[in-house]
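Please read the following briefing alongside the sequence and the 3D view.

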Amino acid sequence: YYAKAVAWAGANGIVSGYADGSFGPDDAVTREQFAAFLYRFAVFEGRAQAGGGSDLAVFNDVSQVSGWAYPALQWAVAQKIISGTPNGYLHPLANATRAEAATILAKYISLFRVAE
């Protein structure tokens, strides 16, 4: 049921799957993966520019951020779509919970869809 959506997202650079070319539709999504999906979608829509963003060095676990996800997390933090914990952790490799996913999506929609 999701094949057309995945094909569209792949063709438009929003998802790329794993290095071996496979796609894990039943896999959990990490916080950094979620940020990357939204960032690439925002760039696709012309709502974000590549580069810039917040300095992630303020987070205690910045060293855990994957290189490919760094610009996306910088953007998501700068837009206040994703935030860290009160004790200074971003948890980029943690699986996004349903509550986090709902909050992140709501913030994205609020930020970019209100004016439409």
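Which residues form one aromatic cluster? Trp8, Tyr39, Phe41, Phe44, Trp75, Tyr108 and Phe112 form it. The model is a predicted one, in which local features need pLDDT of at least 70 and side-chain atom pairs count only at pLDDT 80 or more, while totals for chains, interfaces and linings use all residues. Residues are numbered from 1 along each chain as its sequence is written, and side-chain values use heavy atoms, with hydrogens and water left out.

**Aromatic rings**

- A search of the whole structure finds 9 aromatic pairs, where rings of Phe, Tyr and Trp (its six-membered ring) pair if their centres lie within 6.5 Å, and planes under 30 degrees apart count as stacked, over 60 as edge-to-face and the rest as tilted.
- Trp8 and Phe44 form an edge-to-face pair, with 5.3 Å centre to centre and 85° between the planes.
- Because Trp8 lies in helix H1 (residues 3–11) and Phe44 in helix H2, this pair ties together parts that are 36 residues apart in sequence; helices here are DSSP runs (H or I, at least four residues), numbered from the N terminus.
- Trp8 is partly exposed, with a relative accessible area of 40%, and Phe44 is partly exposed, also with a value of 40%; buried means under 20% relative accessible area, exposed over 50%, and partly exposed in between (1.4 Å probe, protein chains only).

**Nonpolar core**

- The largest nonpolar core has 22 residues, of which Leu38, Leu73, Trp75, Ile81, Ile82, Leu90 and Tyr108 touch the most other members; such a core is a set of buried Ala, Val, Leu, Ile, Met, Phe, Trp, Tyr and Cys residues joined through side-chain atoms within 4.5 Å.
- Helix H2 (31–44), helix H3 (70–78) and helix H4 (98–113) are the elements that give two or more residues to this core, and H2 gives the most, with 6 residues.
- Not counting residues up to four places away in sequence, Ile81 touches Leu38, Trp75, Ala76, Ile104, Lys107, Tyr108, Leu111 and Phe112, contact meaning heavy atoms within 4.5 Å.
- In H3 the buried residues are Ala72, Leu73, Gln74, Trp75, Ala76 and Val77, and the buried residues of this helix pack against H2 and H4.

**Largest pocket**

- The lining of the largest pocket consists of 31 residues, of which Val15, Phe23, Val29, Gln33 and Phe37 lie nearest its centre; on a 1 Å grid over the protein atoms alone, a pocket is an open set of points where a 1.4 Å probe fits, with protein on both sides within 12 Å along at least five of seven lines, and lining residues have an atom within 4 Å of a point.
- H1, H2 and H4 are the elements that give two or more residues to this lining, and the largest share, 6 residues, comes from H2.

**Loops**

- Gly17 lies in the loop between H1 and H2 and, leaving aside its neighbours within four places in sequence, Gly17 is in contact with Ser22 and Phe23.
- Lys80, in the loop between H3 and H4, has a positive phi near 65° although it is a residue other than glycine, and Lys80 is exposed, with a relative accessible area of 62%.
- His91 is also placed in the loop between H3 and H4; its phi is near 50°, a positive value in a residue other than glycine, and at 35% relative accessibility His91 counts as partly exposed.
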